[in-house]
Amino acid sequence: MNTRVGFIGLGIMGKPMALNILKAGYDVTVNDLNTESVETLVQAGAVFGTPADMGATCDVIITMLPASHHVEQVVLGENGLLQTATAGTILIDMSSISPVASVEIAKQAALRGVEMLDAPVSGGEPKAIDGTLSIMVGGKDDVFETVRPLLEVVGASVTLVGKNGSGVTAKLANQIIVNLNIAAMSEALTLAAKAGIDVEKMYQAIRGGLAGSAVLDAKVPLILERNFVAGGRIDINLKDMTNVMETAHEIGVPLPLSSQLVEIFHALKIDGKAADDHGGIIQYYEKLAHVEVRKV
């Protein structure tokens, strides 16, 4: 397989994704500030390179970074990949950033003949590890088809939603549904715990009905074990929901529930929970009700 892939951002999601691409037989160059993560990939067969190195040598470059300014830095910065990238290089930004920033980066890339797809993911760390993420993509159809086999290495569901910016907009919609689902679930679990019923049995009773969901099945068992090790960090989801509100205000969409959830995330961050999994939203409700949801 001759496609040379650059991968920038080896965090909770990026590291297993890069490993899966490497296992699929691609030549992979990696970059991250975390030297331990880089070393893991190098030991698995990748090589280390700067963004500028990747621009000069890679056919496809994937970014998987925390926020818009990080993506802007490695793409547009003084030593960014656009300084050396040649026409025909494809940039796939799989971060969850604002649509405004994503479209602007795509415009700047196009000036150098570099095609960009915004392709954020959903599914958390477990699906990143087993290569079954849902990927929502914005960009040109022909560019999407060129890299579809690569995206299918890390995703079980890969969908072209529309033009540049469509993928990150779809991700914002996804984050509203996921995080408000967790918040609703947290209210229900806190109510049940305070009422004194067996929360685990209640979960088994309701999961097969209309209240059942992938979120319910992913998060309730962890909450009952008091396991808040992050698959999706509270501070990252706070960033996503802040992007949701900024985008919504810009285009004239009131989102009262989302706005309240932003404040809940801020409260949890102030309470020292920023690095917890977003299933840790329940701790906000527990603190208000003076109860803890756990196995009997």
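Q: Why is asparagine 20 called buried?
A: Buried means under 20% relative accessible area, exposed over 50% and partly exposed in between, with a 1.4 Å probe and protein chains only. Asparagine 20 comes in at 13% relative accessibility, so it counts as buried. It lies in helix H1; helices here are DSSP runs of H or I with at least four residues, strands are runs of E with at least two, and both are numbered from the N terminus.

Q: What kind of model is this, and which pLDDT is needed for local features?
A: It's a predicted model: local features need pLDDT of at least 70, side-chain atom pairs count only at pLDDT 80 or more, and totals for chains, interfaces and linings use all residues. Residues are numbered from 1 along each chain as its sequence is written, and side-chain values use heavy atoms, with hydrogens and water left out.

Q: What makes a residue a contact of asparagine 20, leaving aside neighbours within four places in sequence?
A: Contact means heavy atoms within 4.5 Å. With those neighbours left aside, Ala128, Ile129, Asp130, Gly131, Val153 and Val154 are in contact with asparagine 20.

Q: How do you know whether isoleucine 21 is buried or exposed?
A: Its relative accessible area is 1%, so isoleucine 21 is buried. This residue also sits in H1, which covers residues 14–23. Beyond four places in sequence, its contacts include Val5, Phe7, Ile62, Leu150 and Val153. Isoleucine 21 and valine 153 are 132 residues apart in sequence, yet their C-alpha atoms are 6.3 Å apart in space.

Q: What makes arginine 148 the site of a kink in H7?
A: The bend at a residue is the angle between axes fitted to the seven residues ending there and the seven starting there. At arginine 148 there is a kink of about 55°, shortly before proline 149. Among the buried residues of H7 are Val147, Leu150 and Val154.

Q: What puts the buried residues of H10 on the same side of the helix?
A: In H10 (residues 214–224), the buried residues are Val215, Leu216, Lys219, Val220, Ile223 and Leu224. They cover an arc of only 125° around the axis, so they end up on the same side of H10. The arc is that of the directions from the helix axis to the C-beta atoms. Their cover includes helix H8 (166–195), helix H9 (199–206) and H13.

Q: What makes the phi of arginine 226 worth a look?
A: It's positive, about 60°, although arginine 226 is not a glycine. Arginine 226 is in the loop between H10 and helix H11 (234–251), and at 18% relative accessibility it counts as buried. Glutamine 283, in helix H13 (residues 282–289), touches Arg226 as well as Phe228, Leu268, Lys273 and Asp276.

Q: Why is histidine 290 called exposed?
A: Histidine 290 has 71% relative accessibility, so it counts as exposed. It is found in the segment after H13, and its phi is near 55°, a positive value in a residue other than glycine.

Q: How do you know whether the radius of gyration agrees with a compact globule?
A: The radius is taken over C-alpha atoms, and the globule rule is 2.2 Å times the number of residues to the power 0.38. For 296 residues a compact globule would be near 19 Å; the protein has 20 Å, so the two agree.
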